[in-house]
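This report looks at salt bridges and at one helix. Please keep the sequence and the model in view.

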Amino acid sequence: MSDITNPALADQGSKRIDWALAEMPVMRDLMQHLAEERPLEGLRLSGCLHITTETANLARTLRAAGADLVLCASNPLSTQDDVAAALVERHGIPVFARRGESTEVYYRHLGAALDHQPHITLDDGADLISELHKNRADLLPQMLGGTEETTTGVIRLRAMAADGALRVPVLAVNDAMTKHLFDNRYGTGQSALDGIIRATNILLAGKTFTVIGYGWCGRGVARRVAGHGANVIVCEVEPLRALEAAMDGYRVMPLLEAARQSDFMLTVTGDKHVIDRAHLEVMKDGCVIANAGHFNVEINLDALQAMSRDKQQPREHVTEYLLQDGRRIRLLAEGRLVNLAAAEGHPSAVMDMSFTNQVLGVIHLAQQQAQLGPGVHSVPQEIDQQVARLKLAAMAIDIDTLTDVQEAYLTSWQEGT
């Protein structure tokens, strides 16, 4: 049983899934290898993930490894309906996801994924694991654990753990070096701009573009915006990150000051009401605002609505608010993930590493759950290193290894000047 928009889109979705797989060489090899070993045989998995072409190849790999898998969406606007159709009609993987689904339907789909009674969950934002603990605690005794893909989800999970509420082990896939150094920086850097450019078709060169948050995602966005010829401002609350942004050559200032001069403003923080009423009150006429954080809370949408006397949709994915004083504020993708709502999300090549971490992380949970207590756990370093080696091999890149003399020197304290 599934709930998708249009099964007739399956052929189109299958072609795009195969196109993505061509850029995911590690997943291709892993899929073939795991089909022989079947390390997940007999395990039920529920995934709350963005239903994209790359996720489809993750699902195919997990299925090849023997898993009994069900998927739902992790964002109401990120589902690619043709991909959902292909997963159901061509691969026999149940999917509960419709692009543009209401909040009510979204949570109904979460419930359907949990009805699968999973041994392991895969999350992108921690909605599934949160719902499991709040409303389906009866399923917890059979749980081996879960994985978490994104920064926002890891933040939520650590809050759960600090409150003593997290009752299963969860691997923070987001924190693997081969995930956040590449997916967050290169993936978000490219895909967020892709979404903004597709939505607006406004030239970035010569414009003032404010990046709010200078974590790995913000770093990637700022670098690529600068490459387009924009004047980049960075706003931060962490002094070390603010200092790094300044040393990287960007202007750093308070958000209220940046709001007065920006043509574009993008939130990349994982926090709530980052762009608030005070910032909206001083923005330039025509300012474009967007969000690349996981949830649609980074922009205070209630305040924007209350300040407006009218709104229209001049382009797909653009809502133009006419404020009481006559200024126009242009909101992209309803304040949701602009890279997935207005574009196609991260390029397949970076998701190749992220989802390899997911697969190996799930296998690790299945095999080592007895040694992992409740809480948020790091991806083992050997998995991170394995993913890096596999990716280098797929790119036909060789590297050096230490000699015996060098190994001995690094483990000795007696030899000095």
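## A buried pair

In this predicted model, Asp 352 and Lys 391 form a salt bridge, with their closest N and O atoms 3.0 Å apart. Asp 352 lies in helix 15 and Lys 391 in helix 16, so the pair ties together parts that are 39 residues apart in sequence. Asp 352 is buried, at 0% relative accessible area. Lys 391 also counts as buried, because its value of 9% is under 20%.

## Other salt bridges

The count comes to 21 salt bridges. One of them joins Asp 127 and Arg 156, at 2.7 Å from N to O. Asp 127 belongs to helix 6 and Arg 156 to helix 7, so parts 29 residues apart in sequence are tied together. Asp 127 is buried at 9% relative accessibility. Arg 156 is partly exposed at 26%.

Glu 344 pairs with Arg 198, the closest N and O atoms being 3.4 Å apart. Glu 344 sits in the loop between helix 14 and helix 15, Arg 198 in helix 8, and 146 residues separate them. Glu 344 is partly exposed at 38%, and Arg 198 is partly exposed at 42%. Through shared partners, salt bridges join Arg 16, Asp 82, Asp 194, Arg 198 and Glu 344 into one network.

## Helix 2

Helix 2 covers residues 25-37. Its 13 residues should span 18 Å at 1.5 Å a residue, and its end C-alpha atoms are 19 Å apart, which agrees. Its buried residues are Pro 25, Val 26, Met 27, Leu 30, Met 31 and Leu 34. Their cover includes helix 1, helix 3, helix 15 and helix 16. Just after helix 2, Arg 38 has a positive phi of about 55 degrees.

How values were computed:
Residues are numbered from 1 along each chain as its sequence is written. This is a predicted model: local features need pLDDT of at least 70, side-chain atom pairs count only at pLDDT 80 or more; totals for chains, interfaces and linings use all residues. Side-chain values use heavy atoms; hydrogens and water are left out. Helices (H or I, at least four residues) and strands (E, at least two) are DSSP runs, numbered from the N terminus. The expected span of a helix is 1.5 Å times one less than its number of residues. Buried means under 20% relative accessible area, exposed over 50%, partly exposed in between (1.4 Å probe, protein chains only). Contact means heavy atoms within 4.5 Å. A salt bridge is a side-chain nitrogen of Lys or Arg within 4 Å of a carboxyl oxygen of Asp or Glu.
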